[in-house]
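Subject: Structure for you to look at

Dear colleague,

I am passing on the structure we spoke about, and below it you will find what turned up when it was examined. Please keep the model open while you read, so that you can look up each place as it is mentioned.

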Amino acid sequence: MDGLSKPVYDTVIRNALVFDGTGSAPCRQDVGIRDGCIAEIGRQLGAGNEEVDAAGQWLIPGMLDIHTHFDLEVELAPGLPEAVRHGTTTAIMSNCSLGLAYGNQRRDGADPIVDCFARVENVPKHTLAKVAEAVTWRDSAAYLKHFDDMPLGPNVAAMIPHSMLRIEVMGLRDSISRDPTEDELQRMEALLEKGMEEGYIGFSTDGLPFHYLANQPNVRKQIPTQFAPYAELKRLTAIVRRWGRLWQATPPKDNTLAVFRNFLLTSGRLFGCPLKVTAVAAIDLATNRSIVRLGLLLSRLLNSRLLKGQFRLQALPARFKIWSDGVVTPIAEEIPELRRLNECDLEDRVGRRRILDDADYVRAFRRMWYHGRRGWSLARLKHWLRLDDNVLSRDLSDMTIDECPVPEWQGETMQQVRDALLRWQASSSDARSAAEEEAFRSFPAQPDAADFFLHLLRRFDTDLRWWTVSANRDLAVVEQLAFHPRLLPGFNDSGAHLTNMAFYDGNLRMLKMAQKKGLARVAHAVHRLTREPAEFFGIDAGCLDVGARADLVLIDPHALSRWEPEATYEYIWRDAFEHRQLVNRPDGVVRRVYIHGHCAFADGQYTAKHGTQRMGRLLRSHDHESRLRHADALSVLPV
């Protein structure tokens, strides 16, 4: 090609409204892609082998999903299709102390992947066993290396997971029964140091007290990270601080002093330099209105000039809508009476029924159900003031039936069904169907709310599928949190809770919120979902600059404005999981997704390359990549 010829690109995206991720106003431009990177941005660029007319569409950097558990799915379906179709081109894995950095760790009869993930992340045991059996590595370096041979869809970045680190050093049994010895602490420090050297972007722990193991004899034991004393956290996070990496954490929510003490580790004033901390989560609980206020206050204090921290609570830009299969749901684990039912395997209907029929259990369940709702007590006052300790409201009006053997109940609240039952029992009027009449005949006479719910569980078990919105009901508050400068949007939990939650669309919901307030607000939202988290996590992602990798997303703003997020949930079968999965798929909002210049998703369909050809890559910490480039440059200098 001579000097007068126009450059030829692999792809040219023309006439798009381009948001570069900096928060600057968008500009209508063309973007040329060559060799997987953005080669030029301007007007009337030369020809491309692929020409895309993007008139009327937004072109944005590929978005980040900053809180996922894709560690599991990526081993079974490396294209991560639900992430891609929602415009995610980079996923942060190994959150909440759980991951695969040390392989399957099957030693001494233990099966840590199954034991740790099954209840905490609500993934079926047979799916987890499939992942564990596919593992071929045994150390943190080999784990990162194995991504080189995978046909990744999005880019992925991993952290060193604390529960797995404890298991690696202490074994599963000892990691949940005693403190580590000094020698074991030093070995943990050495392995974490090794992980930082290898380029892991940080370290994850978990303090939520209702995260339990799933295999006997451990079902009443929490996951290993829960047993770590403060001194252990302090020593391990000191390594993360020194490397300038990130600590992902969840708070020990029932101990306010421990929450403050732990997160005070972010302070640059107290510890010489700040520790980057991202914590789950800032949500507006329906049962406790003080939580979000306390979270914002904590964030303000830790990031103040006095403490000089780098602390970011994560926020979910959506209603916290959770489905339950009987009592198989994350919010059940918080309540001992419901948690006892979850100690049974998913398939163990007989075991759950035995518990539900036990008279002592019924009495305990009723005490729990009406705690703070009858009589005069501190708990009653807290309930009246919306300061409850638990997430589940225990209000049948908040619980909507989604699937059930009685078709007429689908879409009705449990309170509506109970009211219909009481009318039927009082008047012997006709039921709406034979199925409803048969169900009504099985109930005790005039059941109160607790007995009604118990009977539903006895009769239907996991065939009763229902949902509730336990947090973020007020969308004005949701928007305030998503755009709060001391919070990070992106607590999506993608890849976990397969049948319980579907927040893959969280980033798109934030763009929809922003769209209503104009393009300047959209530019701000794009920045919050791309460059801002990439810089905080210290990874090379979220950019739309010349020379950057071409991770790009085309958004149809007209489809975005028409989209009704609560109307697009689906319950699908996933061959990779051999199980159903809840998803939320907005039609036509994401028009195209490019990862390293390859088109992965176009006009509602995955391309032939997706899932078969390598597109994304493992992202190491940006400072790790910089050191490698510097070392390579030195190696070619003349001696």
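In this predicted model, nine of the nine residues of α6 are buried, so this helix is largely enclosed by the rest of the structure. The buried residues are His162, Ser163, Met164, Leu165, Arg166, Ile167, Glu168, Val169 and Met170, and they pack against α3 (112-120), β9 (160-161), α7 (172-175), α8 (182-198), β10 (202-204) and α9. After α6 comes Gly171, which has a positive phi, near 85°.

Two packed helices are described by the angle between their axes and the distance between the axes. For α6 (residues 162-170) and α9 (residues 230-243), the axes come within 13 Å and cross at roughly 100°, which means that α6 is roughly perpendicular to α9. On the α6 side the contact is made by His162, Leu165 and Arg166, and on the α9 side by Glu232, Leu233 and Leu236. Sorted by class, the residues of this contact are three nonpolar, one polar and two charged.

Asn262 itself lies in helix α10 (residues 256-263) and has a relative accessible area of 9%, so it is buried, the cut-off being under 20%.

Next come the aromatic rings. A pair of aromatic rings is described by the distance of the centres and the angle of the planes. Across the whole structure, a search finds 21 aromatic pairs. In one of them, Tyr361 and Phe365 form a tilted pair, with 6.2 Å from centre to centre and 40° between the planes; both residues lie in helix α15 (residues 359-370), four residues apart, about one turn of the helix, and Tyr361 and Phe365 are both buried. Phe365 also forms an aromatic pair with Trp369, and this pair is stacked, at 5.8 Å centre to centre and 20° between the planes. Phe365 and Trp369, too, are four residues apart in α15, about one turn of the helix, and Trp369 is buried, as is Phe365. Together with Phe453 and Trp466, the residues Tyr361, Phe365 and Trp369 form one aromatic cluster.

Rings also take part in arrangements with charged side chains. The charged end of Lys276 sits over the ring of Phe536, 5.8 Å from the ring centre, while the charged end of Arg465 sits over the ring of Tyr571, 3.9 Å from the ring centre.

Finally, please look carefully at some places in the backbone. Where are cis peptide bonds found? One joins Gln216 and Pro217, with an omega of about 5°, and Pro217 lies in the loop between β10 and α9. Another joins Val280 and Ala281, with an omega of about -5°, and Ala281 belongs to strand β12 (residues 276-282).

Positive phi values deserve a look as well. Ser94 is not a glycine, and yet it has a positive phi of about 65°; it is located in the loop between β7 (88-92) and α3. Is Ser94 buried or exposed? Its relative accessibility is 1%, so Ser94 counts as buried. His497, likewise a residue other than glycine, has a positive phi near 50° and is placed in the loop between β17 (487-489) and α21 (506-515). With a relative accessibility of 3%, His497 counts as buried.

With best wishes,
A colleague

Key:
Residues are numbered from 1 along each chain as its sequence is written. This is a predicted model: local features need pLDDT of at least 70, side-chain atom pairs count only at pLDDT 80 or more; totals for chains, interfaces and linings use all residues. Side-chain values use heavy atoms; hydrogens and water are left out. Axes are lines fitted to C-alpha atoms, for helices over the stretch in contact, and angles run from 0 to 180 degrees between N-to-C directions. Helices (H or I, at least four residues) and strands (E, at least two) are DSSP runs, numbered from the N terminus. Angles under 35 degrees count as roughly parallel, over 145 as roughly antiparallel, 65 to 115 as roughly perpendicular and the rest as oblique. Contact means heavy atoms within 4.5 Å. Ala, Val, Leu, Ile, Met, Phe, Trp, Tyr, Cys and Pro count as nonpolar, Asp, Glu, Lys and Arg as charged, and the others, Gly among them, as polar. Rings of Phe, Tyr and Trp (its six-membered ring) pair if their centres lie within 6.5 Å; planes under 30 degrees apart count as stacked, over 60 as edge-to-face and the rest as tilted. Buried means under 20% relative accessible area, exposed over 50%, partly exposed in between (1.4 Å probe, protein chains only). A charge sits over a ring if NZ of Lys or CZ of Arg is within 6 Å of the ring centre and within 35 degrees of the ring normal.
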